[in-house]
Amino acid sequence: MTKILLVEDETSIRKFIKINLEREGFEVYEAGSGEEGIDIAHREKPDIVLLDIMLPGIDGFEVCNRLRESFPNLGIIMLTAKAEDYDKIMGLQSGTDDYLTKPFNPTELTLRIKSLERRLERHSDKQRGKRYLESGAFRIDVYGHKFFKNDEEIELTPTEHEIVKLFMSNVNRALNRDEILNAVWGEEFLGDSKIVDVNIRRLRAKIEEDAAHPKYIETVWGVGYRWKPSE
Ligand code: CA
C-alpha cells in the first residue's frame, strides 16, 4: 500500500484530503508543520509527500530540500495557494515531481498521485531491461538510480531519472512532448505539458556545460527534444 505523508497546517484542508485519500486506499500520515513532517518521514518512510508551501516554521521549499537530501527516491507533490509560485516550485533548486494549485478537486489529486506512483514504480523496477545504459560521457545505473557524467555522479529526481533513461534508450531520436509525457508521467496524466519543458530546463542545468547552448539535449523545433551522444 502506498504511504502518503500530508504536510498541511490547515486542519480542515488536511482532514478533507486525508478522508479522500483513505477512501482511495492510501495509507495517510498527517503533519501540521514542516518539522513534524520531516520527523514522520524519517519514522514512517512514506512513498509520496504532499507538501503545502506556506507553513508555520520552515516552509515547504525548505522541507522539500531536506527530504530530498535524506530520501532521493521520494515522490514530492507541492500544494500551492498561488499559481504564480509555478516557476519557483518547478525551478532549478526544487526537487519537486509535480504540483497542484489550491483549491483542487480530490479526483485530480488522486490522478496526480497515481501518475507519480507509476513513475516511482518504474523507477524501482529491477526486473526489466538493462542495468546500465551508456551514451558518450554519460552512464545511467537503472537499478541503482544513479547517473554519471565522466564518472562523476549527478543527482537526479525520480522524474529526471526517468526522462534521462528514456533519452538514453532513444539516442538521436526526436521525441515529442506527448511521447515524453506518456512515457514518464503516464497516459492518464492531466497536467500541463509545460512540465516536460521545466524538467528539461532543470536537467540541462545539471548536465550541460552551457545550459543556454545545450549539446546533449537538443531542442527540435516544432517537435520536442533529442538526445545527442557526446563525443
Ligand atoms: Ca498553509
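**Reading the features one by one**

Author: Gladly! P103 sits in the loop that runs between β5 (98-101) and α5 (106-123). Keep in mind that this is a predicted model.

Reader: Which kind of peptide bond joins K102 and P103?

Author: Start with the general idea: most peptide bonds are trans, and most residues other than glycine have a negative phi. Here the bond between K102 and P103 is cis, with omega at about -5°.

Reader: And where is N150, whose phi is positive?

Author: N150 belongs to the loop between β8 (146-149) and β9 (152-153), and its phi is about 50° although it is not a glycine. D151 lies in that loop between β8 and β9 too, with a positive phi near 65°. N150 counts as exposed at 55% relative accessibility, and D151 counts as exposed at 63%.

Reader: Now the metal. Which residues coordinate the calcium ion?

Author: Look for the donor atoms: D9 (OD), D52 (OD) and M54 (O) coordinate the calcium ion at 2.1 to 2.3 Å. Along the sequence, these donor residues follow the spacing D-x42-D-x1-M. D52 is buried, with a relative accessible area of 3%, whereas M54 is exposed at 64%.

Reader: Last one: how do I read helix α3, and which residues are buried there?

Author: In α3 (residues 60-70), the buried residues are G60, F61, V63, C64, L67 and R68. Viewed down the helix axis, they fall within an arc of 160°, so they line one face of α3.

Note on methods:
Residues numbered from 1 in each chain as written. Predicted model: local features only at pLDDT ≥ 70, side-chain atom pairs only at ≥ 80, totals over all residues. Heavy atoms only, no water. Donors = N, O, S within 2.8 Å, 3.2 Å for Na, K, Ca; no water. Buried < 20%, exposed > 50% of the residue type's maximum accessible area, 1.4 Å probe, protein only. Helix = DSSP H or I, 4+ residues; strand = E, 2+ residues; numbered from the N terminus. Arc of directions from axis to C-beta.
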